[in-house]
Amino acid sequence: MRKPQRGYARQDRVKEQIMRELAELVRTGLKDPRAGFITINEVEVTRDYSHATVFYTVLDDSTRDITEEALEHAKGHLRSELAKRIKLFKIPELHFKYDESLERGLNLSALIDQVAAEKPVED
């Protein structure tokens with residue numbers, strides 16, 4: 001049986017710090033013109049801190065593939081800059097994944113609105 005966690009787990013603090021630093025690096029340190037307006041939504045870190053999956057979205061959906069290429073190209077640079085900002089024994093290898101949860105949420109909301117508009121209001 002696992003012990004109950006006290007307070008805030010170290011893994012949570014590390015992933016939030018990585019998320020903040022990557023958001024700042026993408027905003028200011030990424031000079032690639034292919035990278036559009038990128039938002040870092042979430043970071044998942046493995047227990048041994050060897051890998052971090054970074055979930056992101058872009059403002060314009062048409063630039064999604066180009067932005068993915070730019071992030072993959074800049075992966076090494078972002079990791080080395082992250083190493084300068086965060087003191088960890090091992091800086092995780094970065095894996096970028098497009099976050100589709102916002103799009104799914106918007107689609108579900110539109111479907112709910114459509115059903116609500118079709119259903120007659122009963123008093």
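K84 is exposed, at a relative accessible area of 59%. Exposed here denotes over 50% relative accessible area, buried under 20%, and partly exposed the range in between (1.4 Å probe, protein chains only). The model is predicted, so local features require pLDDT of at least 70 and side-chain atom pairs pLDDT 80 or more, whereas totals for chains, interfaces and linings use all residues. Residues are numbered from 1 along each chain as its sequence is written, and side-chain values use heavy atoms, with hydrogens and water left out.

K84 meets E81 in a salt bridge, at 3.2 Å from N to O. A salt bridge is defined as a side-chain nitrogen of Lys or Arg within 4 Å of a carboxyl oxygen of Asp or Glu. E81 and K84 are 3 residues apart in helix α3 (residues 75-85), which places about one helical turn between them. Helices (H or I, at least four residues) and strands (E, at least two) are DSSP runs, numbered from the N terminus.

The structure holds 6 salt bridges. Another of them joins E24 and R27, with an N to O distance of 3.0 Å. These two residues are 3 apart in helix α1, again about one helical turn. E24 is partly exposed at 30% relative accessibility. R27 is exposed at 62%.

The salt bridge between E42 and K15 has its closest N and O atoms 3.5 Å apart. This pair links distant parts of the chain: E42 sits in strand β1 and K15 in helix α1, 27 residues apart. Both ends are partly exposed, E42 at 32% and K15 at 22%.

A pair of aromatic rings is described by the distance of the centres and the angle of the planes. Rings of Phe, Tyr and Trp (its six-membered ring) pair if their centres lie within 6.5 Å; planes under 30 degrees apart are stacked, over 60 edge-to-face, and the rest tilted. The count comes to 2 aromatic pairs by this rule. In one, the ring centres of Y56 and F96 are 6.5 Å apart and the planes stand at 75°, so the arrangement is edge-to-face. Y56 belongs to strand β2 (residues 51-58) and F96 to strand β3 (residues 93-98), so the contact ties together parts 40 residues apart in sequence. Y56 and F96 are both buried.

Y56 also pairs edge-to-face with Y98, at 5.7 Å centre to centre and 80° between the planes. Y98 lies in strand β3 and Y56 in strand β2, so this pair bridges parts 42 residues apart in sequence. The relative accessible area is 0% for Y56 and 15% for Y98, which is also buried. Y56, F96 and Y98 form one aromatic cluster.

Most residues other than glycine have a negative phi. Y49, a residue other than glycine, has a positive phi near 60°. Y49 lies in the loop between β1 (38-45) and β2. Y49 is buried, with 15% relative accessible area.

D65 lies in helix α2 (residues 64-73). D65 is exposed at 55% relative accessibility. G29, in helix α1 (residues 10-29), is partly exposed at 26%.
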